[in-house]
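Here is a look through one protein model, helix by helix and hole by hole. Have the viewer open while you read.

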Amino acid sequence: MESFYWRNKVAVITGASVGIGANTALTLANAGMVVVGLARRVELIEALNEQVTGEGKIFARQCDLSDDEQLISAFNWIRERFFCIHVLICNAGILKANFLSESPTKDIKELFDLNVVATASCLRETLKHMAAVKVRSHIIVINSVLGHRIPEVPVPLFSVYPATKHAITALCQTVRQEIHFLKLNIKLTSICPGMVDTDFLNVYSQAVDALPKLQPVDVAKAVLYALDTPDGVQVEDIILQKMRNVE
């Protein structure tokens with residue numbers, strides 16, 4: 001990893017305590033990055049340092065991203081402590097398995113608040129900072145294949161989750177245009193995994209047990225691939241799925 005451009009630079013990861021976020025934090029720290037993880041359960045982020053074998057380090061900051069004051073405070077703290085955010089990885093999100101016809105308004109609002117509003121707020125805070133410091137930067141949004149298409153499944157307990165991911169797909173495209181308009185050297189990549197074998201799927205219980213699933217590290221490697229592209233080369237979208245019948 002000697003030639004890895006982002007070595008010793010700062011990456012902020014939301015939802016960094018478990019699953020894709022935790023695996024990405026480890027992958028980037030092992031590649032030599034300074035990683036700042038945001039989540040409600042900071043002790044899980046801090047414990048990741050025990051698994052770091054590279055030059056990097058993982059720092060933790062407690063933050064409920066659905067609380068705008070906490071979100072803004074966390075990003076201000078990062079800027080004061082680390083001076084520059086080079087990479088942002090928007091990974092935080094929630095899933096509630098239900099039919100729309102049985103989804104309370106409270107659940108619908110929670111899904112949009114974290115999956116869309118909090119993501120947009122993280123993008124806003126980071127873009128303002130990146131525009132001010134004017135260094136080469138990269139924003140990666142962990143989206144979903146459900147942000148592009150909705151597969152036919154035996155029991156479609158999707159509720160508004162795919163709608164939130166379609167919103168993220170649109171958000172990535174509009175922010176990429178905004179970056180271009182403002183003439184900033186910021187890449188934006190949307191990474192869209194299919195089903196990933198994490199605690200996130202617990203809401204579906206046995207319904208998805210037999211289906212092919214990616215591992216969180218597969219998504220972390222996709223993040224690393226997007227980051228490691230040459231200056232001026234932007235990977236806009238990555239859609240990755242587990243192949244059927246391949247162990």
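## Ground rules

This is a predicted model, so to speak of local features needs pLDDT of at least 70, side-chain atom pairs count only at pLDDT 80 or more, and totals for chains, interfaces and linings use all residues. Residues are numbered from 1 along each chain as its sequence is written, and side-chain values use heavy atoms, with hydrogens and water left out.

Helices (H or I, at least four residues) and strands (E, at least two) are DSSP runs, numbered from the N terminus. "Buried" means under 20% relative accessible area, "exposed" over 50%, and "partly exposed" in between, with a 1.4 Å probe and protein chains only.

## Helix α1

Start with α1, residues 19-30. Its end C-alpha atoms are 17 Å apart, which agrees with the 16 Å that its twelve residues should span at 1.5 Å a residue; the expected span is 1.5 Å times one less than the number of residues. Nine of those twelve residues are buried, so the helix is largely enclosed by the rest of the structure. The buried set is Ile20, Gly21, Ala22, Thr24, Ala25, Leu26, Thr27, Leu28 and Ala29.

What does the covering of those buried residues include? Strands β1 (10-14), β2 (34-39), β3, β4 (87-90) and β5 are in there, along with helix α6 (216-227). Contact here means heavy atoms within 4.5 Å. Just past the helix, Gly32 takes a positive phi of about 100°.

Met33 is in the loop between α1 and β2. Buried or exposed, with what relative accessible area? Met33 is buried, at 0%. Leaving out residues up to four places away in sequence, Met33 touches Phe4, Trp6, Asn8, Lys9, Val10, Ala11, Leu28, Gly56, Lys57 and Val87. Tyr225 is 192 residues from Met33 along the chain, with 15 Å between their C-alpha atoms.

## Helix α5

Helix α5 (residues 161-181) has 21 residues and reaches 30 Å from its first C-alpha to its last, close to the 30 Å expected at 1.5 Å a residue. Its buried residues are Tyr161, Pro162, Thr164, Lys165, Ile168, Thr169, Cys172, Val175, Arg176 and Ile179.

## Strands β6 and β7

β6 and β7 pair in the parallel sense over four bridges; pairing asks that DSSP find at least two bridges between the strands. Ser190 stands opposite Asp237 in β7. Strand β7 (residues 237-240) has a covered face, made of Ile238 and Leu240, and an uncovered one, made of Asp237 and Ile239.

## Cavities and a pocket

On a 1 Å grid over the protein atoms alone, a cavity is a set of points where a 1.4 Å probe fits but cannot get out, and a pocket is an open set with protein on both sides within 12 Å along at least five of seven lines; lining residues have an atom within 4 Å of a point. Points are joined across faces, edges and corners, and a volume is the space filled by probe spheres set on them. The structure holds two cavities of 30 Å³ or more, and the largest cavity has about 50 Å³ of space. Its lining is Cys90, Asn91, Ala92, Asn115, Thr119, Val141, Ile142, Lys165 and Ile168. The elements giving two or more residues to that lining are α4, β5 and α5.

The second largest pocket has about 170 Å³ of space, and its lining residues include Arg176, Ile179, His180, Asn185 and Asp231. Here α5 and β6 each give two or more residues, and α5 gives the most, with three.

## Positive phi in the loops

Most residues other than glycine have a negative phi. Phe83, in the loop between α3 and β4, has a positive phi near 70° and counts as exposed at 64% relative accessibility. Ser159, in the loop between β5 and α5, has a positive phi of about 50°. Just after α5, Lys183 takes a positive phi of about 55°.
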